[in-house]
Amino acid sequence: MDAAEVEFLAEKELVTIIPNFSLDKIYLIGGELGPFDPGLPVDVPLWLAVSLKQRQKCRLLPPPWMDVEKLEKMRDHERKEETFTPVPSPYYMELTKLLLTHASDNIPKADTIRTLIKDLWDTRMAKLRVSADSFVRHQEAHAKLESVSLLGRNEASPSLRQEQTWLWGTAAWPQEEQAPPARSGPRARPPGDPALVLATEPSLSG
Amino acid sequence: MTEELDLTRQDSDEGSEELVLTPAELIERLEQAWMNEKFAPELLESKPEIVECVMEQLDHMEENLKRAKKEDLKVSIHQMEMERIRYVLSSYLRCRLMKIEKFFPHVLEKEKTRPEGEPSSLSPEEFAFAKEFMAHTETYLKNVALKHMPPNLQKVDFLRAVPKPDLDSYVFLRVKERQENILVEPEADEQKDYVIDLEEGSQHLIRYRTIAPLVASGAVHLI
């Protein structure tokens, strides 16, 4: 699963917006949303929130955990502990990235937050590398993992799975773990597969 | 048969199973099937009922939108959602086709030797596709290379030539239903087998082979 697909899944997370328009309840296939009244907060999935924000139809509210003090505490806690500490949301990286890209004007101290989240991510990735390394070295056949996000697993997994299947001999752990690719421009759409397209490519509206 | 408001989907799959799901649950199931298919090393059971229901929902919504007033925002929100669902559906089907192409002789063999009553891993269309793919590959190899080989080397045994799916590859999973006594077989000979319990809601990294039946039954989800 590539980073774009992980982002696609992260976009289902609910965030709070303050719309500047009014609309009755809408009945999407995936559930009900709204009603929307100007000035009244309402929860919508991230994909909709970003689209509305791009069309200047709403303001985004940062989630309760996206606060400098709280994040500083989390980062320090993560650095102290050897194991993984609980994360604010399974998609904290993607949420941060999308919210800061599209709604940094709605989020106080956006740059500090970006740095804090990156620090948190780096600490966790380092732990993941260490534990994956030990997993391979000791030829473990099973591991229980709490609190490791999909993005984290994805970063680790191709190498982890490869090493496990070629278990004999020492497996070198890859040196670079890259942060998820930065995306520029409007909200990225999931990539299409050029070989077989069974439906039209999703198009961006707004 | 019950109806929940006007949102229920009822479906009898050739009279054998009745699924009563809300559309939201249906989409959940589709997304889960998509994730499972993406992370599993082999082709999983085909889910024609989910695919058909989702297509119906999409068509239904499309119809509604055509008839609806030209309220730009509402229509575009619905369209965005539909595009997202279409993406998941086509990605799911593409993933399956990729596996069919990759493992075509094994997939066909498995279908041939499938016992009665066991669900198929291929939908009728996928089965037709797999057979055609095999036939085309055979023809291609024959015309490009085999017919120029000495007579006793002109046969290709696809079952041996094409690699099998690696069921020993590791997968991440989340437990939906508590499982007890799952056997873990370490690779190294010095390590003994041991059993573990899978607690509901926990996440694990383990070899696919051990937990394959749990994926099929829905007791665990691949993540």
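**Note on chains A and B of a predicted model**

1. Across the interface of domain 1 of chain B and domain 2 of chain B, the rule finds zero salt bridges; a salt bridge is a side-chain nitrogen of Lys or Arg within 4 Å of a carboxyl oxygen of Asp or Glu. The model is predicted, so local features need pLDDT of at least 70 and side-chain atom pairs count only at pLDDT 80 or more, while totals for chains, interfaces and linings use all residues. Residues are numbered from 1 along each chain as its sequence is written, chains are lettered from A in the order in which they are written, and side-chain values use heavy atoms, with hydrogens and water left out.

2. The same interface does have three residue pairs in polar contact, both residues at pLDDT 80 or more. A polar contact is a pair of N or O atoms within 3.5 Å; within protein, one must be able to donate a hydrogen and the other to accept it, and residues adjacent in sequence count only if both atoms are side-chain atoms.

3. The domain assignment of chain B gives domain 1 as 23–163 and domain 2 as 166–222; such bounds come from an automatic or database assignment. Nine residues of domain 1 of chain B and ten of domain 2 of chain B take part in the contact, meaning heavy atoms within 4.5 Å. Taken over C-alpha atoms, the two domain centres are 26 Å apart.

4. Domain 1 and domain 2 of chain B bury about 770 Å² between them, 57% of it on carbon and sulfur atoms. Buried area is the accessible area (1.4 Å probe) that two parts lose on being put together, summed over both.

5. UniProt, in an unreviewed entry, annotates residues 70–144 of chain B as "domain: GINS subunit"; annotations may be inferred rather than shown by experiment. This span of chain B is 81% helix and 0% strand, and its end C-alpha atoms lie 57 Å apart. Helices (H or I, at least four residues) and strands (E, at least two) are DSSP runs, numbered from the N terminus.

6. In chain A, a cis peptide bond joins A:Gly34 and A:Pro35, with omega about 5°. A:Pro35 sits in the loop between β3 (31–33) and β4 (42–45) of chain A.
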